[in-house]
Amino acid sequence: MPSSRPLASAAPERLTVEDLTAPMSGHCTCCEHMLAAVTVSGRPLCLTCAPAFALDEPGIDDVATLIWLPHLDQGALGRCVTALHVAAKAAGHTVYDQGLSGEALSAKRAFEALLSCRLGALEKIGTDRPSLYRSALKSLSRNPFPEAHETGLRILMRGTWFPDNPRRYLDAAQEWAVSR
């Protein structure tokens, strides 16, 4: 099984998102649940997992945040976050809306619990910004710095997309909610 962790400083190319050129047919190589829609460094990924690998993408700090969650790997976190965004969208909301009830409120509370894990990232490495993490990794020798999966750092998808199409993720979550 492929590793379900963000790429670090070993990648010679930029870690940015590219749309798949072939029709979506394979599953995400991170969460192994959703259909892949994009690639990062040639790796097929779903829209939820892509930010964990696209650390050089402009706007990454608006799309995702670093959290400290050592008991879940990145793929399991991706499956969980997808479910939370879909549950909120199925009720016609996002996890950021106010005045929610039922499944949407439960999804919001679970997402807020995940978001609160940013404090662990801040405590451990001094930032919750994926762009700063990537910048630091580029400047450090690879040998003394452990991989993200060894530290407990994870990338939490906030529920938006990059500046070229900020509604892309929410539109996809709406489609997923309709098809569930």
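**Figure 1. Thr39 in strand β2 of the predicted model.** Strand β2 spans residues 38-40 and includes Thr39; the model shown here and in the other views is predicted. Thr39 has a relative accessible area of 13% and is therefore buried, the cut-off being under 20%. Beyond residues up to four places away in sequence, Thr39 touches Thr16, Val17, Glu18, Leu20 and Pro44.

**Figure 2. Aromatic pairs.** Three aromatic pairs are found in a search of the whole structure. One of them joins Trp161 and Phe162 edge-to-face, at 4.9 Å centre to centre and with 75° between the planes. Trp161 and Phe162 are both buried. For Tyr169 and Trp176, the ring centres are 5.6 Å apart and the planes lie at 80°, so this pair is edge-to-face. Tyr169 and Trp176 are both buried as well.

**Figure 3. Lys124 and the ring of Trp68.** The ring of Trp68 has the charged end of Lys124 over it, 5.0 Å from the ring centre.

**Figure 4. The largest nonpolar core.** This core contains 50 residues. Val17, Val38, Leu45, Leu47, Leu156, Trp161 and Trp176 have the most contacts inside it. Elements that each supply at least two of the core residues include β2, α1 (60-63), β4 (64-68), α3 (102-115) and α7 (168-179). Helix α2 (74-90) also belongs to that group and gives the most to the core, with six residues.

**Figure 5. Surroundings of Leu45.** Leu45 is among the residues with the most contacts inside the largest nonpolar core. Apart from neighbours within four places in sequence, Leu45 is in contact with Cys28, Thr29, Cys30, Ala36, Ala37, Val38, Val40, Ala50 and Phe53.

Methods:
Residues numbered from 1 in each chain as written. Predicted model: local features only at pLDDT ≥ 70, side-chain atom pairs only at ≥ 80, totals over all residues. Heavy atoms only, no water. Helix = DSSP H or I, 4+ residues; strand = E, 2+ residues; numbered from the N terminus. Buried < 20%, exposed > 50% of the residue type's maximum accessible area, 1.4 Å probe, protein only. Contact = heavy atoms within 4.5 Å. Phe/Tyr/Trp six-rings, centres within 6.5 Å; stacked < 30°, edge-to-face > 60°. Lys NZ or Arg CZ within 6 Å of the ring centre and 35° of its normal. Core = buried A, V, L, I, M, F, W, Y, C linked by side-chain atoms within 4.5 Å.
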